[in-house]
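Look at the model first, then read the points below.

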Number of protein chains: 2
Amino acid sequence: MKLEKVTDRSGRWYDDACGTAHGLELIGERWTLLVVRELMFGPKRFGDLRASLPGLSANVLTQRLEGMEASGLVVRRKLPPPASVQVYDLTDWGREAEPIISELGRWAARSPGHDPTLPLSPASMMLSFRTMFDARKAGDAEMRLGFRFGPESFVVEVAGGSLTAQRADTGEADVVILGSPEAVASFVYGGGPPEGLAIEGRREVFQGFAGFFELPPKAESARG
Amino acid sequence: MKLEKVTDRSGRWYDDACGTAHGLELIGERWTLLVVRELMFGPKRFGDLRASLPGLSANVLTQRLEGMEASGLVVRRKLPPPASVQVYDLTDWGREAEPIISELGRWAARSPGHDPTLPLSPASMMLSFRTMFDARKAGDAEMRLGFRFGPESFVVEVAGGSLTAQRADTGEADVVILGSPEAVASFVYGGGPPEGLAIEGRREVFQGFAGFFELPPKAESARG
DNA sequence: CGGCATCCGGGAAGATACTG
DNA sequence: CAGTATCTTCCCGGATGCCG
């Protein structure tokens, strides 16, 4: 039976009462944390998850979702008619894993081996805004930006020294940016020109927004 | 050659510019983060690492240490004579992974499936103090506690609403606790009597110290 | 004994093809 | 579209053995 496989973890686990070890048992398997990342802005369908994680094959995704459902990270839900499709969503507790993702990302951005030119999913891009936002640089600026990555759109709001990002319609934004997550990252973090982006509305707002972020310095690798 | 194996990650990696994904490439392999945890309080020898991670076999530990050295997490160092033994130590950057360990532990402690009766290493115990310390509960208390787990000893200091824990001689402590990490955890987090512990010095200081910690409430597993 | 290489069995990951 | 079935490849973990 399938349930046995999910719960029979004989030998493969850490036998360690440390919370960190238990955390690794929950989200330490390959791909699991990236699935959490992709669900962080709301439910997704099986196929959408596959599309945003190109290296992940269908059978492994099935296994991961089963395991995550069994440990209470994820719920499988049917959208109400007329959609009537099945989606996967994080539980409240699963969504509370965001600080882990943030800390991991913040730390790894300092790695000498980090290659920022690889593909980037929309959810990654939005999460990185939350992680890398520098309230000191933003001061008391207030702005609302829309981002459209193909069919997915997000609204990012800066106000009172904090930043929020949500999946939402870009209707009321001061400026709307259309393009790929990679192009947005290259502009905001790379400091280059806004190549490959279509910008509708108050362009200078986006320019100012880009000044609220700075990649941390690379770590020296050979220091003890 | 061996170096090729370490760097040839073709196909097995995430191809994702997100910092989180890169972080998983660095510390996402099985055991890696637990090795970091064990080194968090200072260098250790190969055999000491094995002893504190019972499920980890020698060949896998060798592979992990090689990978961690290659990515700049760990340095291999020879202690000066007369010790003249080889030890592994975290780099500064490697030590900065502590927030990841903390967040993961804090989050996982809320898991319904967490079993706090499993074995616990001294380093885990000390890290959990750093993670779970509640400054509000400590107020302006000041104290210095020594912990002796077999050959390893630590000093924990509470002062000014913050807690520090280091590997150090227990000489100048107000109270010294001798026993197993499991017994300490059971007393501090479980709220039971101090069974299996020998307490030298001001017993009431340890009692008060235990009041500075509280496990967070378990998460509801079936909520979206 | 500490550190590392080698061999082997079991199992997880990845690719592809297939089904409702 | 949402998975399942199958097959291959590679990793994990245990045992053994080699050198200092």
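The two copies meet through the same surface, because 100% of the interface residues of chain B are also interface residues in chain A. The model is a predicted one.

**Contact between the chains**
- Chain B puts 56 residues into the contact, and chain A puts in 56 residues.
- On the side of chain B that touches chain A, the elements giving two or more residues are α2 (19-27), α3 (32-39), β1 (74-78), α6 (92-95), α7 (98-108) and α8 (122-132) of chain B.
- The most comes from α7(B), which gives nine residues to this side.
- By type, the residues on the side of chain B that touches chain A are 27 nonpolar, 17 polar and twelve charged.

**Surface near DNA strand D**
- There are 19 residues around DNA strand D, and those that come nearest are A:Arg45, A:Phe46, A:Gly47, A:Asn59 and B:Ser57.
- Two or more residues of this surface come from each of α4 (46-52) and α5 (58-70) of chain A and α5 (58-70) of chain B.
- With four residues, α5(B) gives the most to the surface near DNA strand D.
- The residues of this surface are six nonpolar, eight polar and five charged.

Notes: Residues are numbered from 1 along each chain as its sequence is written. Chains are lettered from A and ligands numbered from 1 in the order in which they are written. This is a predicted model: local features need pLDDT of at least 70, side-chain atom pairs count only at pLDDT 80 or more; totals for chains, interfaces and linings use all residues. A residue is near a molecule or strand if its C-beta atom, placed from the backbone, lies within 6 Å of it. Ala, Val, Leu, Ile, Met, Phe, Trp, Tyr, Cys and Pro count as nonpolar, Asp, Glu, Lys and Arg as charged, and the others, Gly among them, as polar. Two residues are in contact if their C-beta atoms, placed from the backbone, lie within 7 Å.
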